[in-house]
Structures are given as C-alpha cells and as structure tokens.
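This report sets out selected features of the structure shown below, moving from strands to helices and then to the core.

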Amino acid sequence: MATTDLDTLERDLLSQVAAASDEAALETVRVAALGKKGSVSELLKTLGAMTPDERKARGPLINGLRDRVQGALAGRREALAEAALEVRLAAERVDVTLPVREAPDARGRIHPISQVMEEITAIFADMGFSVAEGPDIETDDLNFTALNFPPGHPAREMHDTFFLAPDAQGKRKVLRTHTSPVQIRTMRAKAPPIRVIIPGRTYRHDSDQTHTPMFHQCEGLVIDKAANIANLKWVLEEFCRAFFEVEAVKMRFRPSFFPFTEPSAEVDIQCARKGGEIRFGEGTDWLEILGCGMVHPNVLRNCGLDPDEVQGFAFGVGLDRIAMLKYGMPDLRPFFEADVRWLDHYGFRPLDVPSLVAGLTP
C-alpha cells in the first residue's frame with residue numbers, strides 16, 4: 001500500500017473515531033481498524049512477507065498508523081465517558097441548600113393547642129399543680145347551679161349554650177360551657193388543700209374569626225385555709241412570664257363580675273404593638289388575657305366546704321387565644337380545619353417536649 005493510501009486510510013479511520021457517538025459505535029470502529037481482521041491489523045500482517053529493506057521503510061509507517069488510531073480511540077473513549085458523566089450528574093444533581101427531607105415516621109406534627117396544653121402543664125407542675133379532667137357533657141347542676149349561676153342567667157339560654165334532649169327524668173344535659181364543672185367535681189371529691197389546673201374542650205354558640213363553637217380553656221383552682229389575692233397575682237405573673245418567655249410582665253387587674261368568684265377581675269398584660277406583632281413585657285399598651293377571682297362562698301358551700309374555714313382562688317384562660325398571641329396565628333378557624341399544610345407550618349415536632357429547663361418553645 002502506497003504512502004498516500006496509508007494517509008487516506010488514516011484520515012478515514014480518524015474521521016470515524018471522531019464521529020462515534022457512543023461506546024458501541026466506537027467499539028465498531030476499533031474492531032474494523034484493529035480487530036483480528038481489521039484494516040490496520042491486515043497491514044501489520046504484511047510486514048512478515050517483506051524484505052528487510054521494505055520492512056525497514058514500511059514498518060514505521062504502518063506502526064505509526066496503528067499508534068495514532070489507538071491514541072484517537074483512547075481519546076474519544078475518554079471524551080465519551082466525560083460526556084456521560086456530565087449527563088448523569090445533571091440528572092442526579094442534589095441541591096444541598098435545600099432542607100433534608102424528613103423520614104416518614106418524623107413527618108407528624110403536634111397541634112399548637114396540644115403544644116400549648118403541654119407548655120401550661122409544665123409551668124403549673126413546677127408550681128405544684130396537678131391536672132384534673134372531666135366529661136364534655138355535664139349536668140345543669142354542675143355546669144350552672146353549683147357554680148352560682150342564678151335562674152335566668154344568659155348562659156342558660158339556648159342562644160349561648162348547646163342543650164341536649166331531655167332524659168327519662170326530664171333533665172337536660174349540656175355541652176359544658178367552661179371547664180369549671182371539673183372544679184366542682186374536684187372540690188366534692190377531694191379535701192383541701194387543692195391545687196389543680198383543668199385544660200379541656202368547651203362549647204358555646206359563637207363563630208367568627210376569633211370564636212368557634214368548640215374551643216379550649218384552662219382553668220386553675222387553689223383551695224386551702226390561707227389562699228389570697230396576693231397568691232393569685234403571683235401565680236398569674238409567674239405563668240405569664242414563663243409562658244410568653246419574657247423576663248418580667250406588668251399586669252393590670254380590673255374589677256369584673258363572674259357568678260362563681262367574688263371579688264372578680266379581668267387581667268390585662270403589658271404589651272407593645274409593633275409591625276403587626278404583639279410583644280409582651282414591653283411597651284405601653286394593654287391586652288386582656290384572662291379572668292380570675294376568689295372562689296365565691298356559695299360555690300364553696302355547694303361543694304360541702306365551709307367558707308369560714310377555707311377559701312381559694314380560681315382563674316381561666318382561653319388556650320386558643322394565647323396560642324394565637326404567642327405563635328402569631330391571625331385566625332382561629334384553621335385550628336379545626338385539619339389542613340396538613342397549616343399543621344406543617346404551625347405544628348411542632350413530636351420529640352420537642354416543652355420543659356422549663358430546656359425551654360418551652362423548640
């Protein structure tokens with residue numbers, strides 16, 4: 001084969017190598033050139049039949065062709081491998097700035113109301129309170145009469161209270177309008193001293209942005225021989241300071257009326273309204289937060305206790321309301337809509353248990 005023919009063969013082979021689009025096509029070119037019966041291999045076989053002078057002249061040309069084709073094949077193979085890697089990296093790219101996906105067993109969230117209940121329980125447990133509970137359906141006596149609600153009180157009307165159909169004795173039970181019936185149950189079942197909190201569901205005819213027919217309350221009750229308003233004030237200040245996680249709070253007690261306490265008061269807490277937020281422990285504004293008072297002597301008598309021997313105080317706070325205030329929730333209704341997206345945003349991780357030591361808020 002003349003030198004020009006070798007040059008033509010080389011150009012043709014190198015062109016095929018460069019045009020190979022994948023490993024399979026490149027292997028086809030390699031076999032056609034360097035395989036057992038490849039074009040370059042056939043030229044190498046002719047060297048054995050040549051004279052020494054011919055071999056000396058033609059050998060370097062044919063071997064050079066083989067080496068250049070092998071080099072081109074190796075270079076193209078490397079280029080194809082790099083291109084395949086780039087395609088794979090593009091397809092499997094991971095954005096390391098994104099948050100790590102949680103495992104399925106870690107995706108659950110604690111509802112804000114449950115979280116707030118746990119926070120309140122942790123605070124009052126530190127002050128020596130225990131938790132008392134009672135049924136959602138109550139008798140008229142426990143929900144009204146024993147709590148000193150007189151006949152004709154608005155809370156006894158259908159537009160304020162959910163009444164059930166009369167039973168066989170003609171008595172109507174109610175969906176409790178507050179958790180106060182549990183106070184009566186506790187005082188009738190346990191001798192003083194008593195120190196309990198009572199979180200739970202309550203029901204009233206009411207529905208708007210900040211009210212729902214079912215809502216949550218937490219009441220507190222202390223009964224002993226020396227309980228007084230000063231004790232009540234200290235307990236509420238400690239609760240607000242711990243719950244809202246501020247160094248100190250100012251509280252304002254305004255005279256009010258509740259049938260089951262005397263004297264009674266509404267409690268305002270110092271706050272500042274800035275940029276659509278409410279911040280506690282600072283500012284010059286006030287926000288009503290709860291109601292309280294000394295347990296009415298009639299309530300003590302209705303529970304078999306002598307008001308000349310023991311006295312006590314009680315307080316009540318809306319859990320939904322303080323959850324909205326603490327965690328910046330503008331509307332109460334989503335609390336009960338079971339929207340997983342809302343719960344993912346406002347909910348809490350199951351293992352983030354509130355603690356006064358580690359902190360109430362995760």
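## Basis and a first contact set

In what follows, contact means heavy atoms within 4.5 Å. The model is predicted. Under that criterion, and leaving aside neighbours within four places in sequence, Pro 263 is in contact with Ile 229, Cys 292, Gly 293 and Met 294. Pro 263 is found in strand β7. The C-alpha atoms of Pro 263 and Ile 229 are separated by 9.4 Å, and the two residues stand 34 residues apart along the chain. Because its relative accessibility is 41%, Pro 263 counts as partly exposed.

## Strand β7 and its partners

Strand β7 spans residues 261-274 and is mostly covered, with 10 of its 14 residues buried. Strand β6, residues 251-258, pairs with β7 in the antiparallel sense over 7 bridges. Within this pairing, Met 251 has Ile 269 of β7 as its bridge partner. The two strands form a hairpin, with 2 residues between β6 and β7.

Strand β9, residues 285-295, also pairs with β7 in the antiparallel sense, here over 9 bridges. The bridge partner of Val 267 in β9 is Leu 290. A further antiparallel pairing joins β7 to strand β8, residues 277-280, over 4 bridges. Here Ala 272 has Arg 279 of β8 as its bridge partner. β7 and β8 form a hairpin with 2 residues between them, and Gly 275 in the turn has a positive phi of about 55°.

## The annotated position in β7

Which residue does UniProt list for "binding site"? The unreviewed UniProt entry lists Glu 262 under that feature. Glu 262 lies in strand β7. Not counting residues up to four places away in sequence, Glu 262 touches Met 294 and His 296.

## Helix α8

Helix α8 comprises 15 residues, 229-243, and reaches 21 Å from its first C-alpha to its last, close to the 21 Å expected at 1.5 Å a residue. Just after the helix, Glu 245 takes a positive phi of about 55°.

The buried residues in α8 include Leu 232, Val 235, Leu 236, Phe 239, Cys 240, Ala 242 and Phe 243. The elements that cover the buried residues of α8 include the strands β6, β7, β9 and β10 (311-318), together with the helices α5 (112-126) and α10 (319-327).

## Helix α5

The end C-alpha atoms of α5 are 21 Å apart, which agrees with the 21 Å that its 15 residues should span at 1.5 Å a residue. Its buried residues are Pro 112, Ile 113, Gln 115, Val 116, Glu 119, Ile 120, Ala 122, Ile 123 and Phe 124. Cover for these buried residues comes from elements including β4 (194-203), β5 (214-224), α8, β10, α10 and α11 (340-346). Just after α5, Gly 128 takes a positive phi of about 90°.

## Nonpolar cores

The largest nonpolar core has 47 residues, of which Ile 120, Phe 124 and Ile 322 touch the most other members. At least two residues of this core come from each of α5, β5, α8, β7, β9, β10, α10 and α11. The largest share, 7 residues, is supplied by α8.

Phe 124 touches Phe 129, Ile 197, Val 235, Phe 239 and Phe 315, not counting residues up to four places away in sequence. A second, separate core has 25 residues, among them Val 196, Val 295, Cys 303 and Ala 314.

## Ser 41 in helix α3

Ser 41 has its place in helix α3, residues 39-45. Why is Ser 41 classed as buried? Its relative accessible area is 13%, and buried means under 20%. Ser 41 touches Ala 33, Leu 34, Gly 35 and Lys 36, not counting residues up to four places away in sequence.

Terms used:
Residues numbered from 1 in each chain as written. Predicted model: local features only at pLDDT ≥ 70, side-chain atom pairs only at ≥ 80, totals over all residues. Heavy atoms only, no water. Buried < 20%, exposed > 50% of the residue type's maximum accessible area, 1.4 Å probe, protein only. Pairing = 2+ DSSP bridges. UniProt positions renumbered as here; feature names shortened; annotations may be inferred. Expected span 1.5 Å × (residues − 1). Core = buried A, V, L, I, M, F, W, Y, C linked by side-chain atoms within 4.5 Å.
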